[in-house]
Amino acid sequence: MASNNFLKKILNPWLWLNILAMAIIVILISMGLRYGLDLYTHHGQTVEVPSILHKTYNDAEDMLDKVHLDIVVSDTDYVKTMQPDCVLEQSPAPGEIVKPGRLIYVKINASSTPRRPLPDIIDNSSLRDAQSRLTALGFQLGEPEYIPGEKEWVYGIKTQGRQLATGDRVSIEDPLVIQVGDGRRDMSQPVTYIDSNTYYFGEEEEEEEEKPQKVRPHYRRPVERREGYRAESTEPSQPASATSSFTKVDIPSVTTAPTVPSAPKPVKTE
């Protein structure tokens with residue numbers, strides 16, 4: 001009985017239709033992976049990267065679109081002699097063989113001068129260190145300005161007559177003037193560092209205006225004599241030049257009191 005049921009299930013046409021459908025699906029997936037990957041990766045297809053250097057961004061985009069390449073801006077820079085929005089660098093380089101759809105990374109020339117923050121070098125570095133840091137950031141440097149202070153020590157930064165502070169954004173085209181000490185200041189002399197408009201050194205500090213002091217008049221104290229004279233009352237506000245008159249006062253003589261004899265001690269009687 002069990003064998004008859006097994007044969008019926010094996011000979012059932014729906015079972016073989018399901019197996020055939022699964023086989024067809026597996027074949028289609030295999031063929032799709034085989035040819036689909038070739039189409040996606042452009043297997044066997046190559047193009048040569050054209051040169052788009054010094055071309056405007058719109059012209060470079062049109063040139064790459066014709067050979068089925070895409071353009072992406074990766075960075076900007078500034079070159080004064082080049083026109084704004086032109087291509088300064090490209091990667092991959094011109095002439096390389098790549099597949100269609102490859103991304104071409106370019107660096108574009110900025111339309112305006114970039115402004116960068118001033119690093120922390122005021123009263124924090126020597127002249128040589130400040131020059132190397134500013135040059136690495138792309139700043140232009142003028143001749144240093146020597147002021148009274150410790151030798152080769154940076155006291156300030158100026159540009160176009162304006163004093164700069166740490167963090168100020170400055171155009172890289174504006175030349176920077178570094179204020180450094182010339183070594184003429186005494187080490188014991190105080191110096192005030194001001195990261196703004198003016199620097200005051202000990203020998204150049206402006207003297208403060210002396211405020212007028214109130215002069216208190218002096219008064220002569222009343223004079224008392226020990227020879228039996230008493231000074232007449234005078235006012236405390238009377239100046240020292242005023243004279244005082246004195247009146248003679250009789251001082252009574254002091255007499256000693258007579259001594260009193262002590263009483264005799266009582267005598268005990270038996």
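**Legends to the close-up views**

**View A. Glu 61 lies in helix α3.** The structure is a predicted model, in which local features need pLDDT of at least 70 and side-chain atom pairs count only at pLDDT 80 or more, while totals for chains, interfaces and linings use all residues. Residues are numbered from 1 along each chain as its sequence is written, and side-chain values use heavy atoms, with hydrogens and water left out. Glu 61 has a relative accessible area of 35% and is therefore partly exposed (buried means under 20%, exposed over 50%, partly exposed in between; 1.4 Å probe, protein chains only). Helix α3 spans residues 57-66 (helices, H or I, are DSSP runs of at least four residues and strands, E, of at least two, numbered from the N terminus).

**View B. Five acidic residues form a negative surface patch: Asp 59, Glu 61, Asp 62, Asp 65 and Asp 70.** Helix α3 is the element that gives the most to this patch, with four residues. Members of a patch have over 30% relative accessible area and no salt bridge; like charges are joined within 9 Å, and nonpolar side chains (Val, Leu, Ile, Met, Phe, Trp, Tyr) within 5 Å. Asp and Glu count as negative, Lys and Arg as positive, without His and the chain ends; a charge is placed at CG of Asp, CD of Glu, NZ of Lys or CZ of Arg.

**View C. Leu 7, Ile 10, Leu 11, Leu 15, Trp 16, Ile 19 and Met 22 make a nonpolar surface patch of about 710 Å².** Two or more residues each come from α1 (2-10) and α2 (13-41). Helix α2 gives the largest share, four residues. Leu 7 belongs to helix α1, and its relative accessibility of 49% is why Leu 7 counts as partly exposed.

**View D. Glu 89 and Lys 107 form a salt bridge, with their closest N and O atoms 3.8 Å apart.** Distant parts of the chain are linked by this pair: Glu 89 sits in strand β3 (residues 87-91) and Lys 107 in strand β5 (residues 103-109), 18 residues apart. A salt bridge is a side-chain nitrogen of Lys or Arg within 4 Å of a carboxyl oxygen of Asp or Glu.

**View E. Glu 145 and Lys 158 meet through their side chains in a salt bridge of 3.0 Å, N to O.** This pair, too, links distant parts of the chain, with Glu 145 in strand β7 (residues 145-151) and Lys 158 in strand β8 (residues 154-159), 13 residues apart. Glu 145 has a relative accessible area of 27%, so Glu 145 is partly exposed. A search of the whole structure finds two salt bridges.

**View F. Gln 163 is a residue of strand β9 (residues 162-164).** Its relative accessibility is 10%, and therefore Gln 163 counts as buried. The C-alpha atoms of Gln 163 and Val 177 are separated by 9.6 Å, and the two residues are 14 apart along the chain.

**View G. The chain holds four helices and 15 strands.** Of its 270 residues, 21% count as buried. The chain has an accessible surface of about 21200 Å², and carbon and sulfur atoms account for 54% of that surface (Shrake-Rupley method, 1.4 Å probe; for residues, only the protein chains shown count as cover). Among contacts (heavy atoms within 4.5 Å) between residues at least 6 apart in sequence, 64% join residues at least 24 apart.
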